[in-house]
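The sequence and structure come first.

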Amino acid sequence: MKKAMSVILAAALVMSIAACSKDDETADESVETTVAEETAEETEAEETEVVETTAEETEATVVDVDSDIRVVSLSPEVTEIIFALGAEDKLVGVSTYDDYPEEVFNYPVVGDLYALDVEAIAAVEPTVVLVSDFVDEDTIAAFNEYGIDCVMVSEGTSIDGMLDLIAEVASYVDAEDVAEDLIADVQADLDAIEAVDTDATVYYVVSYGEYGDWSAGGGSFIDGIITASGAKNAAGDLDQWAMLDPETLIDMDPDFIVISTWTYDDFISLEPYSALTAVQEGRVIAVDENIFVRQTPRNVEAVQILVDAIAEYEAA
């Protein structure tokens, strides 16, 4: 199921990039993005440029790390956690999709989630490469041939799973003590959020339209964020990652819809979604999807966004 989740979230990322490109063509003010099956050299995102990296180019940008631990992170959420742990001094390479915090742009880009260049990554001399479920066993074996440990980090299915992920990443960057404090702080921030007392339902748009109507069902990580806010997941009775038909969504008619800022305008103007009550009554919440789909300390912000939006509407 974790593999399915990775594939679905990858599709959502492609969808949001493609939708953004559609808007940018109209506004004539941003980079052109391509669909997943086009070559990696052609792919660009508006905020994070996909950089073509050869082994020779990477050798010129090897980071001087005064540590026995040299980490390449090919997972944006893992990279965020490494920075949150204050262990960025052990980073020697990141992925094309890493865009937070801003300091990440100071690090060599050594590959993307879909077409890893093992030779380029080996050139920065990592002792360990941390990857997500996007990476297959053949790629891991290729790293092993270079004498490089390649570790597939676990993905949580709850807020507690996010805290476990922090602890796991910390174990690879020698930051266990820092992780204890960070986990305690994140838990305290979560406990401090006053969940709304509501029967409102929230539907999270993973993808829609030509990419299929996928949502986060019961037992998913995003389901945990929604329920932590005090609301009910409109797709909570469905599979962890569920594909609906548009008619089911119309019948569901959730009280609130959460969608990426990138695709907000397209979604609310596109039939049949424009007929949803939440769209008609202005209860579609546009968010930075990364704080919902990446399992990091910023998930606290995701819970608070839902609490604030629901409380504001119900107080009106």
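## A strand residue and a helix pair

In this predicted model, Val 129 touches Val 72, Leu 74, Ile 121, Phe 143, Ile 148, Asp 149, Cys 150 and Val 151, leaving aside residues up to four places away in sequence. Val 129 belongs to strand S4, which covers residues 128-131. Is Val 129 buried or exposed? Val 129 has a relative accessible area of 0%, and because buried means under 20%, Val 129 counts as buried. Ile 140 is 11 residues from Val 129 along the chain, and their C-alpha atoms are separated by 9.2 Å.

The second topic is a helix pair. Two packed helices are described by the angle and the distance between their axes. The axes of H8 and H13 come within 8 Å and cross at roughly 50 degrees. That angle makes H8 oblique to H13. The crossing of the two helices is right-handed. The residues that make the contact are listed by helix below.

| Helix | Residues of the helix | Residues in the contact |
|---|---|---|
| H8 | 221-228 | Phe 221, Ile 225, Ile 226, Ala 228 |
| H13 | 299-315 | Asn 299, Ala 302, Val 303, Leu 306 |

By class, the contact of H8 with H13 has seven nonpolar residues, one polar residue and no charged residues.

H13 has 17 residues and reaches 24 Å from its first C-alpha to its last, close to the 24 Å expected at 1.5 Å a residue. Which residues of H13 are buried? They are Asn 299, Val 300, Ala 302, Val 303, Leu 306, Val 307, Ala 309 and Ile 310.

Definitions and conventions. Residues numbered from 1 in each chain as written. Predicted model: local features only at pLDDT ≥ 70, side-chain atom pairs only at ≥ 80, totals over all residues. Heavy atoms only, no water. Axes fitted to C-alpha atoms, helices over the stretch in contact; angles between N-to-C directions. Helix = DSSP H or I, 4+ residues; strand = E, 2+ residues; numbered from the N terminus. Parallel < 35°, antiparallel > 145°, perpendicular 65-115°, else oblique. Left-handed = near helix turned anticlockwise from the far one by under 90°. Contact = heavy atoms within 4.5 Å. Nonpolar A, V, L, I, M, F, W, Y, C, P; charged D, E, K, R; others polar. Expected span 1.5 Å × (residues − 1). Buried < 20%, exposed > 50% of the residue type's maximum accessible area, 1.4 Å probe, protein only.
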